[in-house]
Amino acid sequence: MFGFVRIAAAVPKVRVANVGFNVRQMLDLWKIASQQNASVVLFPELSVSSYSCGDLFYQEGLQRAVEKGLAEMVEASMACSTIAIAGMPVWHNGRLYNCGLVLQEGRILGVVPKSFVPEHKEYYEKRWFASGQGCKNETVRLLGQDVPFGTDLLFCGREGLVFGVEVCEDLWTVVPPSSYQALAGATLLFNLSASDEIVAKSEYRSTLVSTQSARCMAAYVYASCGVGESTTDVVFGGDCMIAENGVILERGERFLDESQIIFADVDIQRLERLRAAEGSFVDGEIKPFRRIELFDTPDITQLNRYVDPHPFVPSKKSERSKRCSEIFSIQAAALNKRLSHIGAKKSIIGVSGGLDSTLALLAVYRAYESAGRDPEDIVCVTMPGFGTTGRTLENAKRLCEALGVTFRRIDITEACMEHFRQIGHDPSEHTVVYENVQARERTQILMDLANKLGGILVGTGDMSESALGWSTYNGDHMSMYALNAGIPKTLIRYLVEWAAGQYPAVSEVLHDILNTPVSPELLPPVEGEISQRTEELLGPYELHDFFLYHLIKSGARPRKILFLAETAFGTKYESEVIKKWLGLFLRRFFSQQFKRSCMPDGPKVGTIALSPRGDWRMPSDAEADAWLNDLEEEI
């Protein structure tokens, strides 16, 4: 399933020191995990015995009950390929350790003791348990088996399934053991926990889990003891969660008086690619670990995970508003720095009445506003040509007048006709020559006007167009500063919509621009309406932005991108339609790299950018055959 594995975190209903009852609850949950094709199910700390046994941990009666319960779990797992990680006290070399045991197919594969044993406030575990920090290259005798024992264990399966185990307090330390497990290759990190509930601790706990998953570029799975534990002095809520690279994928309910289990499908391939491509992960210290081989785990046949169809756009309105404000601030700071550096007062922009030039103008206006500059030094030029419609022309004019910027209109049709005559092109032939002559004429006017006024030409093209090469080389492809270069088309709509709320004077015209079809307007209109609609020619931008995100962010193969898109968009697009546009995207992304190789400066605003000086360095003559062949491969 393209690197996805299903993981479960389970909180059994327990009774204090009643091992038989606890094991039966755990086996029921383990069976559910197996039926759902989970590769691993995690149980809480000391779940076999219960965490709150106190001095009963020293009792031989409890020790014998735990051994019997372990035997029962091992026997029940004979035909179960789902791995269970169970918590129990383990005697070793005359010491008692708080451990996580890894069980699969009738075998105890390894035992990991807790490294950091707390002795503060309500925690006094050192009364019973020894620290496992120095336990390495050891074995422990359990049920007649010599089982690997220590904090130096990693558990390795097929296709990148590598996991490490730590116990509760280990996560709360300055450098958790899971950090070293991750650096040694673990993509899944499991924490058996007993974290009591006090006011506001839940929020801190989830932050801790999500942050560790982000820092380690891993999936972090957490399960804590539930309300069945003793309430003599504290209450346990049974918190459980599964995080992946900083995002909580699934979280259970606290304070349930019954067992619960949660599932999440984790993308191991994505985590591996992120580690290779981002951050300083590869420079981290690799400590020696013993690697325990796992039996094959279940395959999943259907993805149980939300895939965002618009990965560049926050789904929550409050978060989206915050993101829009931040992007405008980035753009404003970027342009003000460039203007200050070159000593220019004026910014020249070609405005068409379309989305991209509208956003660029709004960002420039925001920059001038924040720096106390005169908006009349923003020189907006609309240049009607053969495809310009009355609607876009009027919207460009209305927007500029409402903002109080300098507005100029320069008709390019006469200059283009003269150029056609000079190069011997028949203007009735609406070829690429017909279109590109207009784009380059506009760029020439803007460049020359910037020189004349001592200003800077601000580019309006966006990242989606750059990915597709949907620009005229050395025409609208070129500027003196590309202010929208890091912003995808799907996000631009929300930025303009947000700006409509910030600037009421232009709200009406901005909403009409938002409702105008995306078009370069290079071909003559039909009955006054736009005849050249970009998304009819290239496909929906929401698909292309989705393809771009997964190709660059995680290096996903085309078949996986297709699978993710089918999952994300559901019935909105048929599979063959998605495949068609993905093929076009790949062909254009490769063939148009030469335009990106010489793109002008512009600010990065998100985790993905295509600047050849920054995030994306790709040869202009790379071939797409391997990617296109993968797309056609039968699964």
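The model is predicted: local features require pLDDT of at least 70, side-chain atom pairs count only at pLDDT 80 or more, and totals for chains, interfaces and linings use all residues. Residues are numbered from 1 along each chain as its sequence is written, and side-chain values use heavy atoms, with hydrogens and water left out.

Phe 4 lies in strand E1, residues 4–11; helices (H or I, at least four residues) and strands (E, at least two) are DSSP runs numbered from the N terminus. Because its relative accessibility is 6%, Phe 4 counts as buried, a term that means under 20% relative accessible area, with exposed over 50% and partly exposed in between (1.4 Å probe, protein chains only). Apart from neighbours within four places in sequence, the contacts of Phe 4 include Asp 265, Ile 300, Leu 303, Phe 563 and Leu 564, where contact means heavy atoms within 4.5 Å. Between Phe 4 and Gly 459 there are 455 residues of sequence separation and a C-alpha to C-alpha distance of 41 Å.

Strands of a sheet pair through backbone hydrogen bonds, either parallel or antiparallel. Here two strands count as paired if DSSP finds at least two bridges between them. Strand E14 (residues 240–244) runs antiparallel to E15, and four bridges join them; Glu 244 has Val 247 of E15 as its bridge partner.

A parallel pairing is found between E18 and strand E19 (residues 378–382), also joined by four bridges. In strand E18 (residues 347–350), Ser 347 and Ile 349 point one way, Ile 348 and Gly 350 point the other way, and all are buried. Opposite Ile 349 stands Cys 380 in E19.

Helices H9 (residues 413–423) and H10 (residues 432–453) pack at about 125°, with axes 10 Å apart. Axes are lines fitted to C-alpha atoms, for helices over the stretch in contact, and angles run from 0 to 180 degrees between N-to-C directions. H9 is therefore oblique to H10, since angles under 35 degrees count as roughly parallel, over 145 as roughly antiparallel, 65 to 115 as roughly perpendicular and the rest as oblique. Among the contact residues are His 419 and Phe 420 of H9 and Tyr 434 and Glu 441 of H10.
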